[in-house]
Structures are given as C-alpha cells and as structure tokens.
Amino acid sequence: MADNNFDVIVIGAGPGGYVTAIRAAQLGLKTAVVEREHLGGICLNWGCIPTKALLRSAEVYRNMMHAKNYGLSCEKPSFDFDAVIQRSRGVSKQLAGGVGHLLKKNKVTVINGEAKFDGPKKINVEGKDKGTYTAKHYIIATGARARALPGLEADGKVVWDYKKAMTPDKMPKSLVVVGSGAIGIEFASFYHTIGADVTVVEIMPQIMPVEDKEVAALAQKMMTKDGMKILTEAKVANLKRNADNVVVTVETKDGKKQELTVDRVISAVGVIGNTENLGLDTTKVKVERNVIGTDEFSRTAEPGIYAIGDVAGPPMLAHKAEHEGVVCVEKIAGVKGVHPIDPRKIPGCTYCHPQVASVGLTEAKAKEAGYDIKVGKFPFIGNGKAVALGEAEGLVKTVFDAKTGELLGAHMVGAEVTELIQGFVVAMGLETTEEDLMHTVFPHPTLSEMMHESVLDAYGRAIHF
C-alpha cells in the first residue's frame with residue numbers, strides 16, 4: 001500500500017469493528033480496518049447469524065411435526081442434516097460478502113493480516129498486507145473466543161466448541177451441553193428439536209443465569225416438558241473420551257454422581273477476550289483477565305488507543321459492540337451530544353425454544369438496588385394472537401420503580417419475544433413512565449398487547465387475565 005498512515009485504524013472486523021470503521025469513514029476520517037481471518041468476525045461467520053439459520057431450520061421442522069395442530073397434513077416429516085448445515089454456512093457467506101461491499105462503498109481500507117503494536121504509535125501487520133501502519137487513533141475490536149476449562153477442552157472429534165457444533169461431520173444421536181448461557185442453550189435447543197437426546201449441565205441454580213429467575217424457571221419448565229433434560233447445580237466431574245463417544249460423569253450439588261454415555265459433548269462455558277499477541281505490553285493499556293480496561297468512551301490508559309466490544313468486557317453482545325464503537329468514534333470526531341451507553345439499557349436475547357429476551361434490572365436486582373418496586377406479569381395464554389399462533393405458553397414481566405413510575409426492567413419468555421423487547425428498550429431510552437405506556441395504543445391482535453397488559457398489571461389494571 002502506498003500510504004500506510006491513517007486517522008483511525010480499527011483492529012478486528014467483527015460487528016463492532018466493521019461498524020466502527022464505517023462510521024469513522026462517514027465522519028470524514030481516513031480509516032482502515034485490520035482483519036486476520038474473516039470479515040464479519042465470529043458473530044457473522046460462527047456465532048449470531050449461522051446459529052439463527054440453524055434455529056430457523058429447527059423451527060420449521062418443529063412446525064412440520066406439529067402440522068396436525070393447525071389442521072394441516074405433513075406425512076413423515078424429515079430433514080437432510082447436511083443441507084441444514086450448508087444453508088447456515090451459505091447465509092454467513094452471503095452476509096460476509098455484504099460486509100466487504102459496505103467497507104468498499106464507504107472507502108475503508110481493508111488490511112489483511114494480524115496486527116501487533118510496536119509501541120503506542122504504530123502497528124506491525126503480518127500476513128497478506130504485511131507492513132507497518134500508523135494512525136492518530138487505534139480502536140481494538142478483537143472480540144472473544146470460547147473459554148476452555150481444564151478437562152473440557154474441545155478436540156473437534158467428540159468434544160465440540162461452537163465452531164464444530166455448527167459444522168459437524170454427522171448428526172449426533174445424543175449430546176451433553178455444558179453451560180446454559182445463550183450459546184449453550186441455543187445449541188441444546190437446535191439439536192433437541194431435530195431429534196438428539198440432549199442433556200444440559202449447568203453449575204448455577206438456574207439456566208440462563210443472567211435472566212430473571214421467574215422467566216428462566218418458566219423457560220426450563222417448557223424445555224423439560226418438551227423432552228430436554230436439564231441438570232442445574234451440577235458440574236462435569238470427569239470426561240472419558242472414546243473413539244466415537246464420551247462418558248460424562250456429572251456431579252450434583254449434594255455430591256451424587258451419574259454417568260452419561262453420549263455421542264458428543266458441547267462445551268459452552270463462556271468466552272474470553274482476545275488480548276494476546278497484540279503487543280499491548282509495549283503500551284500503557286491495562287489488561288486484567290483478558291479484559292482491556294476502558295472508560296465510558298472506550299478510552300484505555302494509553303492516549304490514542306481504545307477498545308470496544310467483547311475484548312472490553314461484558315455484556316459480550318454484538319449490538320453492544322456496534323453501538324460502543326459508534327460512540328467511541330463519534331467522540332473522537334468531536335460530534336456534539338455524544339453520550340456513553342447505559343449498560344442497563346442494553347437488551348439481551350436468547351433464540352432457543354422458547355425464546356427469552358430482557359432489558360434492565362431483574363426483580364431480584366431491583367430489590368438489591370434498594371428500589372421499592374411494582375411488578376406486572378401477563379401470560380401468553382391471555383393473548384388472542386398467541387393462542388391463534390398455537391404459542392400459548394410464555395410470560396411478559398415488567399418491573400417499575402413504585403415511587404417514580406420509571407421502567408426498571410422487562411423480561412419475556414415465549415414466541416417472538418426477541419422481536420418484542422425493543423419496544424421496552426425504546427421506552428427506557430425515552431425515560432417513559434408507566435402512565436405513558438398505559439396510554440400507548442397497541443395494535444390488536446398482536447403479541448405486543450401483552451407488553452401493555454403487563455404494565456397495566458403492575459398497577460392492578462390488567463384487562464384480559
């Protein structure tokens with residue numbers, strides 16, 4: 001490259017990185033993005049997008065199996081497992097190509113290779129576009145990778161990480177999924193729906209530990225009713241890896257042990273930030289437990305170096321990374337009115353069956369914070385659209401500050417709640433009170449009416465249940 005000097009260099013082209021680079025270019029900054037592997041990062045190539053493609057296939061298959069419930073006939077529904085996997089990969093490939101187009105359209109220079117700081121003012125890149133590059137500002141967006149616990153390391157054969165779980169060589173008849181966060185429970189849901197015998201092992205007292213206790217309990221009830229096995233307050237005490245199966249010893253809180261022989265194990269015990277091999281030791285950037293220390297505008301301890309997304313700590317969500325990056329680069333560019341993200345207003349979505357979505361404080365966290373609260377709940381069974389869809393199990397729950405009417409949190413489980421939650425996110429962003437929500441007209445018949453009813457219920461005014 002003739003010119004290796006930029007205003008902004010973004011390291012990592014995942015959702016946080018490429019969005020940040022595009023916004024920087026839009027603001028008139030000469031911008032480059034360094035990527036060592038795939039445009040779109042883990043999210044687009046191995047995470048958010050391909051897993052949703054897999055789960056969509058599972059959802060369609062589930063509907064086929066329950067066709068009679070809708071007065072329809074679908075004789076002996078079946079699936080082509082390889083075709084399901086290939087569809088997922090095709091979706092990722094299509095969108096990765098789209099990222100490349102967007103970067104080119106916005107005149108962002110793509111540097112192919114692996115970046116390493118050589119002091120705080122320059123980076124050396126190894127790879128296709130090998131060279132030394134300089135910028136006024138560096139934004140680290142290197143993301144995260146699967147955490148490996150001792151004894152649970154993925155081997156790509158009988159113990160899988162998320163990458164192998166998305167590109168398996170064959171359909172397993174039985175699985176143990178270790179961890180019930182979003183990654184683990186989504187894989188458990190996919191494989192269970194298409195016919196595998198799935199057991200989830202979770203060390204915490206509830207599945208999806210970050211979610212509201214009542215919502216998580218209902219989700220677990222619905223999953224176990226559907227045939228999935230879930231063991232909470234349990235851990236994997238031992239793994240015996242054989243040629244084509246695994247003997248898993250599970251130990252519960254009371255010390256009881258049981259052995260499960262399964263085809264495969266999926267290790268989904270969280271992720272850790274990619275902070276190694278970046279040359280950060282040649283800068284003042286502080287790293288603790290694979291998390292880069294930043295302030296509210298993503299600035300590190302080294303002037304001119306910033307960090308966004310998973311590598312800057314939880315919540316480790318693609319949409320958080322994107323918004324964080326935009327805030328960071330707009331602050332750099334001097335855009336007026338830029339304000340940092342409020343972590344309490346970042347929604348979380350889990351695309352298992354049933355779906356789970358939330359924003360803000362759980363009931364327990366609100367109480368811990370000292371709020372006097374009002375809690376509203378509305379079940380799916382009381383909603384006409386849910387009954388008509390054949391999706392009459394679920395719950396919408398809202399948490400309000402009793403003194404001010406401020407919406408502190410919203411929590412949902414059931415059909416399409418990942419599409420509904422944004423209504424509450426917008427409400428929180430606008431500092432909407434319970435009165436505003438009560439006076440909002442919700443369309444009928446829609447699932448969104450349950451949001452209205454949940455608010456009404458918090459104040460003893462629910463109509464339909």
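Where does Glu-431 lie? I found Glu-431 in the loop between α11 (417–429) and α12 (434–438).

**Ground rules.** I am working from a predicted model, where local features need pLDDT of at least 70, side-chain atom pairs count only at pLDDT 80 or more, and totals for chains, interfaces and linings use all residues. Residues are numbered from 1 along each chain as its sequence is written, and side-chain values use heavy atoms, with hydrogens and water left out.

I looked up Glu-431 for its phi, which is positive at about 55 degrees although the residue is not a glycine. Asn-290 is also not a glycine, and I noted a positive phi of about 65 degrees there. Asn-290 sits in the loop between β17 (287–288) and β18 (291–292). I flagged these because most residues other than glycine have a negative phi, and most peptide bonds are trans.

Next I checked for cis peptide bonds. One joins Pro-314 and Pro-315, with omega about 0 degrees. Pro-315 belongs to the loop between β19 (305–307) and α8 (318–333). Another cis bond runs from His-353 to Pro-354, with omega near 5 degrees. I placed Pro-354 in the loop between β20 (348–350) and β21 (356–360).

**Domains.** I have domain 1 as 5–146 + 272–333, domain 2 as 159–269 and domain 3 as 354–458; such bounds come from an automatic or database domain assignment.

I then turned to UniProt, with positions in the numbering used here, feature names shortened, and annotations that may be inferred rather than shown by experiment. Its unreviewed entry puts "domain: FAD/NAD(P)-binding" at residues 6–325. I see 31% helix and 27% strand over that span, with its end C-alpha atoms 17 Å apart. The unreviewed entry also gives "domain: Pyridine nucleotide-disulphide oxidoreductase dimerisation" for residues 346–454. That stretch is 33% helix and 27% strand, and its end C-alpha atoms lie 20 Å apart.

**Where domain 2 meets domain 3.** The centres of domain 2 and domain 3, taken over C-alpha atoms, are 29 Å apart. I count eleven residues from domain 2 and 13 residues from domain 3 in the contact, meaning heavy atoms within 4.5 Å.

How much area is buried between domain 2 and domain 3? I get about 1,100 Å², with 66% from carbon and sulfur atoms. Buried area here is the accessible area (1.4 Å probe) that two parts lose on being put together, summed over both. On the domain 2 side, Asp-212, Val-215 and Met-222 lose the most area to domain 3, together 47% of what that side buries.

**Salt bridges.** My rule is a side-chain nitrogen of Lys or Arg within 4 Å of a carboxyl oxygen of Asp or Glu. Between domain 2 and domain 3 I count four salt bridges. I also looked up Glu-214 and Lys-377, which form a salt bridge with the closest N and O atoms 3.0 Å apart.

The rule gives a count of 27 salt bridges. Asp-7 pairs with Lys-136 in this way, at 3.4 Å between the closest N and O atoms. Asp-7 is in strand β1 (residues 5–11) and Lys-136 in strand β6 (residues 131–140), so this pair ties together parts that are 129 residues apart in sequence.

Conventions:
Helix = DSSP H or I, 4+ residues; strand = E, 2+ residues; numbered from the N terminus.
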